[in-house]
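Open the model in your viewer and keep the selection tool at hand. This tour tells you what to select next and what is there.

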Amino acid sequence: MSSRLLCLTPEYDSTTHLIRVGGRLRWTEQLDESAIRPIVLDVKHSISRLIIQDCDESLHHPGAERVFTEVRCKYWILRGQEAIRQHQRTCLGCKQWRGQPSIPRMADLPPSRLRLFQPAFYSTGVDLPHQNWPQTLETMGYHI
Ligand SMILES: [Zn+2]
């Protein structure tokens, strides 16, 4: 038995055949049984990894602390924070959420917009993102 497990004063639940965290909240009536005595799980077991993965995905890949808090409501995974951080380092969804946007490189300005030493509004232009802009303007009531 590891010392991390001994610190939890584990208790064997004979009805479910699981090891649960002992504690001083057993007489409370407002909390669920899983919140009072969460199930102790080994971090290396595959069910622990599946629980972490499911919680991470159901919460839409938040920070490690948020996942840890949610997991801790029902389960006490030994070295759980490390396992969650390790999972989130390899999780594709977490990488997508934490990724930085790439700013596209702007094209060079056309020569008509680079006429220097001319009075203000000598040449003006409108950049329209739509491909069918003449038709769009006509539908808006403008005549080209
Ligand atoms: Zn994730």
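The stops below go from the whole chain to single residues.

**Before you start**

This is a predicted model, in which local features need pLDDT of at least 70, side-chain atom pairs count only at pLDDT 80 or more, and totals for chains, interfaces and linings use all residues. Residues are numbered from 1 along each chain as its sequence is written.

**Stop 1: the whole chain**

Select everything. The C-alpha trace spans about 85 × 30 × 25 Å along its principal axes. The radius of gyration of the protein is 30 Å, whereas a compact globule of 144 residues would have one near 15 Å. That radius is taken over C-alpha atoms, and the globule rule is 2.2 Å times the number of residues to the power 0.38.

Now show the secondary structure. The protein has 7 helices and 4 strands. From the N terminus on, the order is α-β-β-α-β-α-α-β-α-α-α. Helices (H or I, at least four residues) and strands (E, at least two) are DSSP runs, numbered from the N terminus.

Next, colour by pLDDT, the predictor's confidence in each residue, from 0 to 100. The average is 87, and 90% of the residues score at least 70. Among the elements, helix 3 has the highest mean pLDDT, 97. Helix 7 (residues 133-139) has the lowest, 67.

How much of the protein is buried? Buried residues make up 12% of the 144 residues. Here a residue is buried if 20 or more other C-beta atoms lie within 10 Å of its own, exposed if 12 or fewer, and partly exposed in between, with C-beta atoms placed from the backbone.

**Stop 2: residues 44-97**

Select residues 44-97. An unreviewed UniProt entry annotates them as "domain: Integrase zinc-binding". UniProt positions are given in the numbering used here, feature names are shortened, and annotations may be inferred rather than shown by experiment. Over this stretch the chain is 72% helix and 6% strand. The end C-alpha atoms of the stretch are 26 Å apart.

**Stop 3: helix 3**

Select residues 46-58, which form helix 3. Helix 3 has 13 residues and reaches 18 Å from its first C-alpha to its last, close to the 18 Å expected at 1.5 Å a residue. The expected span is 1.5 Å times one less than the number of residues.

Which residues of helix 3 are buried? They are Ser 48, Ile 51, Ile 52, Cys 55 and Asp 56. Look down the axis of helix 3: its buried residues fall within an arc of 130°, so they line one face of the helix. The arc is that of the directions from the helix axis to the C-beta atoms. An α-helix has 3.6 residues a turn, so residues three or four places apart point the same way.

Turn to the face away from the buried side. Ser 46, Ile 47, Leu 50, Asp 54 and Ser 58 are exposed there. On the buried side, helix 3 packs against strand 3 (39-41), helix 4, strand 4 and helix 5. Two residues are in contact if their C-beta atoms, placed from the backbone, lie within 7 Å.

**Stop 4**

Select His 60 and His 61. Phi of His 60 is near 65°, a positive value in a residue other than glycine. His 61 has a positive phi too, about 60°. His 60 is exposed, with 9 other C-beta atoms within 10 Å. His 61 counts as partly exposed, with 18 C-beta neighbours inside 10 Å.

**Stop 5: helix 4**

Move on to residues 64-72, helix 4. Ala 64, Val 67 and Val 71 are buried here. They cover an arc of only 65° around the axis, which puts them on the same side of helix 4. Their cover includes helix 3, strand 4 (75-77) and helix 5 (80-90).

**Stop 6: helix 5**

Select helix 5. Its buried residues are Gly 80, Ala 83, Ile 84 and Gln 88. Seen down the axis of helix 5, they fall within an arc of 130°, so they line one face. The face turned away carries the exposed residues Glu 82, Arg 89 and Thr 90. What covers the buried residues of helix 5 includes helix 3, helix 4, strand 4 and helix 6 (92-98).

**Last stop: Ile 36**

Select Ile 36, in helix 2 (residues 33-36). Ile 36 counts as partly exposed, with 18 C-beta neighbours inside 10 Å. Leaving out residues up to four places away in sequence, Ile 36 touches Gly 23, Leu 25, Arg 26, Thr 28 and Leu 31.
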